[in-house]
Amino acid sequence: MMFGRPSTVALVGNGGIGSQDHQNTMYRPAFERHPSFELVDDQDKAEVVSIALPLAERGAAIAAAIRAGKHVLADKPMAATLAEAEEIERLAATHSVIVVPAHHQRFGAALRSATAAVRAGRVGLPWNVQCDFIVAGGDPAPTGELVNFGLYPVDVVSALLGLPVRRVQATGSPALVTLLLDHEHGVTSTIVCGRVPALRDLPPGGLAVHRYRISGSHGVLAVDATKPALRVRGGDFNGPVWTGPGTVDALLDVLAAGIRTGRAALGPSDAVRTQRVIEAAQRSMSTGAPVELGE
């Protein structure tokens with residue numbers, strides 16, 4: 001992005017896991033209203049590409065865009081495998097481009113405040129985080145909800161604690177999973193994530209619960225990550241309306257700042273870290289045993 005003008009953006013793909021179309025429901029509207037970006041139809045003329053292809057095609061498309069010198073907004077998960085994610089991380093560093101994975105949930109206002117409070121020592125030394133991330137209704141993910149949703153709370157816990165995961169144990173079903181994570185320095189976290197049947201007061205696929213309880217040596221911090229927002233019900237709409245910029249708007253702020261400064265607050269290393277935990281959780285569910293990580 002040159003000073004004084006927006007970066008040009010091309011939208012690549014409108015697929016995802018199952019019936020998802022995050023490109024048109026989330027990214028396109030956010031790019032259209034963001035002052036740092038301008039949508040164009042010609043991918044070759046774009047400085048930035050927003051890639052939301054089916055998961056099996058996503059990693060290769062991101063790698064190709066990086067080699068072409070383009071900055072990337074990558075739909076979640078950034079890649080289908082840890083090996084693909086690590087290759088994207090390597091390529092982004094080699095070609096000096098910004099790649100931002102769409103881990104937008106960490107940018108909710110309540111979670112930003114909570115992260116700042118934990119890092120400032122407001123609860124003392126954290127020793128445990130408990131999280132519930134539950135979606136109600138909507139189409140079940142053919143990959144299972146661990147792959148579909150698990151990265152969001154795993155990424156948030158990583159941002160809250162800033163500590164690598166050393167051991168992963170997982171139990172549950174394709175729809176609902178419990179993750180037991182052992183972090184460095186003896187800190188633990190428990191994450192319940194997945195999908196439950198539809199609820200009357202929520203749109204299909206809406207967040208029913210997104211909350212965290214951070215326990216430390218000097219206090220406990222409880223966070224409702226669905227706030228600050230209003231619940232609006234009408235003839236054509238039923239869902240939350242944020243009282244400030246939404247999480248995807250904040251994600252594009254990170255992308256714009258990264259392009260401007262050469263360093264983004266969220267990048268491929270975060271996707272690699274999260275993918276490592278998700279794949280370990282899959283192995284744990286398959287074997288019934290905990291998996292040690294060598295981060």
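Predicted model: local features only at pLDDT ≥ 70, side-chain atom pairs only at ≥ 80, totals over all residues.

Biologist: How many bridges join β10 to β11, and in which sense do the two strands run?

Modeller: In general, strands of a sheet pair through backbone hydrogen bonds, either parallel or antiparallel. Strands here are DSSP runs of E with at least two residues, helices are runs of H or I with at least four, and both are numbered from the N terminus; two strands pair if DSSP finds at least two bridges between them. In this case six bridges join β10 to β11 (residues 219-224), and the strands run antiparallel, forming a hairpin with two residues between them. Strand β10 (residues 206-216) also pairs with β6 (residues 126-136), in the antiparallel sense over 10 bridges, and Ala 136 stands opposite Gly 206 there.

Biologist: What is the order of the seven strands in the open sheet, and which strands stand at its edges?

Modeller: The order is β11-β10-β6-β9-β8-β7-β14, with mixed pairing. At the edges stand β11 and β14 (291-292), each with a single partner strand, so one side of each is left without a neighbour in the sheet. Strand β14 is joined to β7 (residues 165-172) by two bridges, running antiparallel, and Arg 167 has Glu 292 as its bridge partner. Helix α6 packs on this sheet, touching β6, β8 (176-183), β9 (188-196) and β10, and its direction makes about 155 degrees with that of β6; such angles run from 0 to 180 degrees between N-to-C directions, the axes being lines fitted to C-alpha atoms, for helices over the stretch in contact.

Biologist: How do helices α4 and α6 pack, and which residues make the contact?

Modeller: Two packed helices are described by the angle between their axes and the distance between the axes. Helix α4 (residues 109-119) and helix α6 (residues 151-161) pack at about 35 degrees, with axes 8 Å apart. Contact, meaning heavy atoms within 4.5 Å, is made by Leu 111, Ala 114, Thr 115, Val 118 and Arg 119 of α4 and by Val 156, Ser 158, Ala 159, Leu 160 and Leu 161 of α6.

Biologist: What is the strand order in the open sheet of five strands, and how are the strands paired?

Modeller: That sheet has the order β2-β1-β3-β4-β5, with parallel pairing, and its edge strands are β2 (37-39) and β5 (99-101). The twist averages 25 degrees from one strand to the next. Three bridges join β4 to β5, and Leu 73 stands opposite Val 100 in β5.

Biologist: Is Asp 75 buried or exposed, and what does its side chain contact?

Modeller: Asp 75 lies in the loop between β4 (71-74) and α3 (82-95). At 0% relative accessibility Asp 75 counts as buried, the classes being buried under 20% relative accessible area, exposed over 50% and partly exposed in between, with a 1.4 Å probe and protein chains only. Its side chain makes a polar contact with the side chain of His 22 at 3.0 Å; a polar contact is a pair of N or O atoms within 3.5 Å, where within protein one must be able to donate a hydrogen and the other to accept it, and residues adjacent in sequence count only if both atoms are side-chain atoms.

How values were computed: Residues numbered from 1 in each chain as written. Heavy atoms only, no water.
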